Amino acid sequence: MDGQSEVHRSSERLLSTSLGNQLVLIVSVETAAKPLADGRLISILDPGQVPEIKGVTRFPAHEQISGASKIPTVIYYDKAGNVCAAGAEAMREGIFETALDEEWVKSEWFKLHIRPKSGSSAHVTQNIPPLPPGKTVVQVLADFLRYLHKCAEAYIKDTHANGRDLWESVASEIDYVISHPNGWEGYQQSQIREGVVLAGLIPDTTDGHARVSFVTEGEASLHFSIDNGLPAGAMQAGDGVVIVDAGGGTVDVSAYSKKMSDTNATIGTFEEIAAPQCHFHGSVFVSIHARLFLDDYLKESDFYEDLDHIVRCFDKSTKVRFSSDKQPQYIKFGGTRDNDASCNIRFGQLKLAGTEVATFFEPSVKCIVDSVQAQIKDGHHSIKHVVLVGGFSASDWLFSKIDEALSPKGLNVIRPESHVNKAVSDGALSFYLDHFVKTRVSKVAYGSFCHIPYDTSNSEHIERQSSVFTSVSNAKRIGGYFQNTQVSEEKEFRYQFWYEFESKESLKSVKSEVWCYKGLNANPRWKDTDTDNYAKLCTVEMDLSHLPLTPRAKANGESGNFWYLEYNYVLCFSAVELRAQMSWMEGGVEKRSPVKIVYDPNDV
């Protein structure tokens, strides 16, 4: 990015963040399924100062300070379930032997257990380590978040001017920006927020919950790419761009274009032009494919018992430097006395054909190429650029194969020069500060099932006579009707309800279910049509006992009164998270109050 652009961006950030008179600390934490956690990134919003994004680069037992702020996502527990070592501490010399002697339990890749368990991720469970006995994924996540938080606290106190005073002034007001894969939804977000509460980072209150915000990895990667130089066509001409965040566990694919009504070529706003995708084909699965191959290849060798160590060596070196299938590849795992000619092991090195190693990458390459082509097909805008970010995109082999497949189709495939493995964590903070994306594409239609007046002349109603019932008001109604809409940010969607009842006690806890439709029907109307593509998303719980009530006479000549109440619940997407309120009219004025959203698990 040129100097003029950087000054322009900085001035915009200054305008948007210097209006208050109190210091605020923003902390970005990645919860993506990665073997390395992105160290906490911090930004201090100081009135009158341009915000800076800084990485926490000091961690206990982290001798080699990494500019990329990466530490292992690993925790060791003792038999009582207490944390014995986490992050960089869990990788120090001698820890493996200590863990064996003390019978510690190792937990890694635990964030993959948060994922939705349906669709493309159904196969993942058998390939990842189980959670420690007696531990839930929320508890393990909370332990790791607590560790990262302590590291961030120590780093700020030790390195920032007046660090201790600064920390004391902001400790109770820290905002947390948490990134997650594109495919994670409300239930996953609720689990992560529960982990943040359990870690003691925020109180379990409405105000405490509001200090946690979420961003998808795709959108965070877009913000990183904007800060680190999107192609000129995407920034100035409004060309569509596909952002591929190839990480450790997931590959997140999203498509955006700049709104051309915005004439500012440097900053501007972007719109999502196709539904984002998330696939479990990150670099971890290259190692899984390697392990499956080596498990069979070494079965008759004396070195079979060294399989775990050999796979770790492949993961650290061979996988990283692989760039040509024309040359043999070597996994160095032992010394000069380690030899087995039957398995091409010589002087402690296992020799593999380059073509064999290429097959470990092939599912990921195919997934990315197919996903980019799907975004191009589904996008409502011309796409000309593909930007690869994330730690896995640093692989020269991966990049070359994707470029080889997509360049002939007229696509410009690039990698930013800066640390691509910091794309999500840096981008998450940029998302908090800049918020470039204003329009998103909903993958599903959201709505609620309700009952409507029965119409004896409507053929759809006649077909569903079994769903007809008599309401409290003595009117005939038919249930199973799907009142729905597509949702996008900065636009509210109201669902108007009326409630007939005879007892006021029922008002204290009124529940309305929010459903989503994931099928191909452009106008879904009835629950009994394409039933399998309807899924319950969450339940909105409301207390309506304080609302004004209206007594009404029963219909169709029946004596007596009933109570009648009109209200709305309002859905909106704030960033990538669904939010809800209830509203009602009182004295000609609309009033609102918060509601509680309870998500249905989608991890079973």
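Visitor: How many bridges join β15 to β16, and which way do the two run?
Guide: Two bridges join them, and the strands run antiparallel. Keep in mind that this is a predicted model.

Visitor: Which residue of β16 does Ile-345 stand opposite?
Guide: Ile-345 stands opposite Leu-350 in β16.

Visitor: What sheet do these strands belong to, and in what order?
Guide: An open sheet of three strands, ordered β14-β16-β15. The pairing is antiparallel.

Visitor: Which strands stand at the edges?
Guide: β14 (329-332) and β15 (345-346) do. Each has a single partner strand, so one side of each is left without a neighbour in the sheet.

Visitor: Let's zoom in on Leu-352. Where does it lie?
Guide: Leu-352 lies in strand β16, which covers residues 349-352.

Visitor: Buried or exposed?
Guide: Leu-352 is buried. Its relative accessible area is 2%, and buried means under 20%.

Visitor: What does Leu-352 touch, leaving out residues up to four places away in sequence?
Guide: Its contacts are Phe-293, Leu-294, Pro-328, Gln-329, Ile-331, Val-357 and Phe-360. Take Pro-328: it is 24 residues from Leu-352 in sequence, yet their C-alpha atoms are 5.8 Å apart.

Visitor: OK, helices. What lies across β14 and β16?
Guide: Helix α9 does, running at about 105° to β16. Helix α11 also lies across β14 and β16, at about 85° to β16.

Visitor: How do α9 and α11 cross each other?
Guide: Helix α9 is residues 283-297 and helix α11 is residues 354-378. Their axes come within 8 Å and cross at roughly 135°. The two are therefore oblique to each other. The crossing is right-handed.

Visitor: Which residues make that contact?
Guide: From α9 come Val-286, His-289, Ala-290 and Phe-293. From α11 come Glu-356, Phe-360, Phe-361, Pro-363 and Ser-364.

Visitor: And how many are nonpolar, polar or charged?
Guide: The α9 and α11 contact has six nonpolar, two polar and one charged residues.

Visitor: How does α9 pack with α10?
Guide: Helix α10 is residues 307-321. Its axis is 10 Å from that of α9, and the packing angle is about 135°. That makes α9 oblique to α10. The crossing is right-handed.

Visitor: Which residues meet there?
Guide: On the α9 side, Ser-283, Val-284, Val-286, Ser-287, Ala-290, Arg-291, Leu-294 and Asp-295. On the α10 side, Leu-307, Asp-308, Ile-310, Val-311, Phe-314, Asp-315 and Lys-319. By class, that contact has eight nonpolar, two polar and five charged residues.

Visitor: New topic: β12. How many of its residues are buried?
Guide: Eight of its eight. The strand spans residues 251-258 and is mostly covered.

Visitor: Which residues point which way?
Guide: Val-251, Val-253, Ala-255 and Ser-257 point one way. Asp-252, Ser-254, Tyr-256 and Lys-258 point the other way.

Visitor: Which strands does β12 pair with?
Guide: Strand β11, residues 240-246, pairs with β12 in the antiparallel sense over six bridges. They form a hairpin with four residues between them.

Visitor: What about β6, β7 and β8? What's their order?
Guide: They form an open sheet in the order β7-β6-β8, with antiparallel pairing. β7 (83-86) and β8 (105-108) stand at the edges, each with a single partner strand, so one side of each has no neighbour in the sheet. The twist averages 20° from one strand to the next.

Visitor: How many bridges join β6 to β8?
Guide: Four bridges, and the strands run antiparallel. β6 is residues 74-77. Val-74 has Glu-108 of β8 as its bridge partner.

Visitor: Which helix lies across that sheet?
Guide: Helix α3, residues 137-159, lies across β6, β7 and β8. It runs at about 110° to β6.

Visitor: Last one: how many helices and strands in the protein?
Guide: The protein has 14 helices and 30 strands. Of its 604 residues, 50% are buried.

Terms used
Residues are numbered from 1 along each chain as its sequence is written. This is a predicted model: local features need pLDDT of at least 70, side-chain atom pairs count only at pLDDT 80 or more; totals for chains, interfaces and linings use all residues. Side-chain values use heavy atoms; hydrogens and water are left out. Buried means under 20% relative accessible area, exposed over 50%, partly exposed in between (1.4 Å probe, protein chains only). Two strands pair if DSSP finds at least two bridges between them. Axes are lines fitted to C-alpha atoms, for helices over the stretch in contact, and angles run from 0 to 180 degrees between N-to-C directions. Contact means heavy atoms within 4.5 Å. Angles under 35 degrees count as roughly parallel, over 145 as roughly antiparallel, 65 to 115 as roughly perpendicular and the rest as oblique. A crossing is left-handed if the near helix is turned anticlockwise from the far one by less than a right angle, and right-handed if clockwise. Ala, Val, Leu, Ile, Met, Phe, Trp, Tyr, Cys and Pro count as nonpolar, Asp, Glu, Lys and Arg as charged, and the others, Gly among them, as polar.
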